[in-house]
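Please look over the charged pairs and the surface of this protein. A short report goes with the structure.

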Amino acid sequence: MRARLRVAAALLLAALGPVPSPTPGRAATGHADVRLVRLLDEVPDSDRTRLGAVKDIRLRLVTGNVVVLKQRGDFATIFPIERVASQPESLRYFYYLERAATFWIFPGTKEKGIRTVGDGGAIAVNSCRLLWRAGGRGESDAGWFYFPDAPENEGLAFSVVSGSTVGVTDPRNTKYWVELGAPGVSGF
């Protein structure tokens, strides 16, 4: 498993190539794409037992990062606000969803809001579902996102960009995506 994750990370790094120097209008996104590889980790067996059927990778949530999701023409962004000490520990987050246009003429609907999810709970954005687990290395670490191996996550891709709000994140301008495999297919 670890060898497969290392190979995938090496392929992703090779595809990224050298990072061009950021232009003045895009300074916040210059280095976030390369950091994406450092935010990925293999799912430990203890978490796999607790959470059930999940993909082989998990994504570390770090304060100051915005998680961008795309699936079938819909885009969503998730911005972790804070971890809340409660029983069970929970994560408060802001989300923004922009659905695809209908017949290429009518703009898609937009939705935004603030939600809270408990440790091990599901985050449902549009038709996809993620799981959140607490745990981390320090104050800036908001925990982990896990991707259930389920039909509703088919065609899901994610990326991470730097930012303090989801309002300045343009998911259509995000260049590097990690695409998850189809349900039942190992890897990503």
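The notes below cover a surface patch and then the salt bridges.

## Model and surface patch

This is a predicted model. Four residues, Phe103, Trp104, Ile105 and Phe106, make up a nonpolar patch on the surface. Together they have about 630 Å² of accessible area.

Ile105 sits in the loop that runs between β5 (90-98) and β6 (110-118). Its relative accessible area is 65%, so Ile105 is exposed; the cut-off for exposed is over 50%.

## A buried pair and its network

The whole structure holds 11 salt bridges. One of them joins the side chains of Asp47 and Arg58, at 3.3 Å from N to O. Asp47 belongs to helix α3 (residues 45-51) and Arg58 to strand β2 (residues 54-62), so this pair ties together parts 11 residues apart in sequence. Both Asp47 and Arg58 are buried.

Asp47 and Arg58 are also members of a salt-bridge network. Asp41, Arg50, Asp119 and Arg133 are linked in it too.

## Partly exposed pairs

Arg92 and Glu82 form a salt bridge through their side chains, at 2.3 Å from N to O. Arg92 is in strand β5 and Glu82 in strand β4 (residues 74-84), so the bridge ties together parts 10 residues apart in sequence. Arg92 is partly exposed at 29% relative accessibility. Glu82 is partly exposed at 37%.

Glu152 and Arg129 meet in a salt bridge at 3.0 Å, N to O. Glu152 lies in the loop between β9 (141-148) and β10 (157-162), while Arg129 lies in strand β8 (residues 128-133); the pair therefore ties together parts 23 residues apart in sequence. Glu152 is partly exposed, at 28%. Arg129 is partly exposed, at 29%.

Terms used: Residues numbered from 1 in each chain as written. Predicted model: local features only at pLDDT ≥ 70, side-chain atom pairs only at ≥ 80, totals over all residues. Heavy atoms only, no water. Patch = residues over 30% accessible without salt bridge, like charges linked within 9 Å, V, L, I, M, F, W, Y side chains within 5 Å. Areas by Shrake-Rupley, 256 points an atom, 1.4 Å probe, with all protein chains shown as cover. Helix = DSSP H or I, 4+ residues; strand = E, 2+ residues; numbered from the N terminus. Buried < 20%, exposed > 50% of the residue type's maximum accessible area, 1.4 Å probe, protein only.
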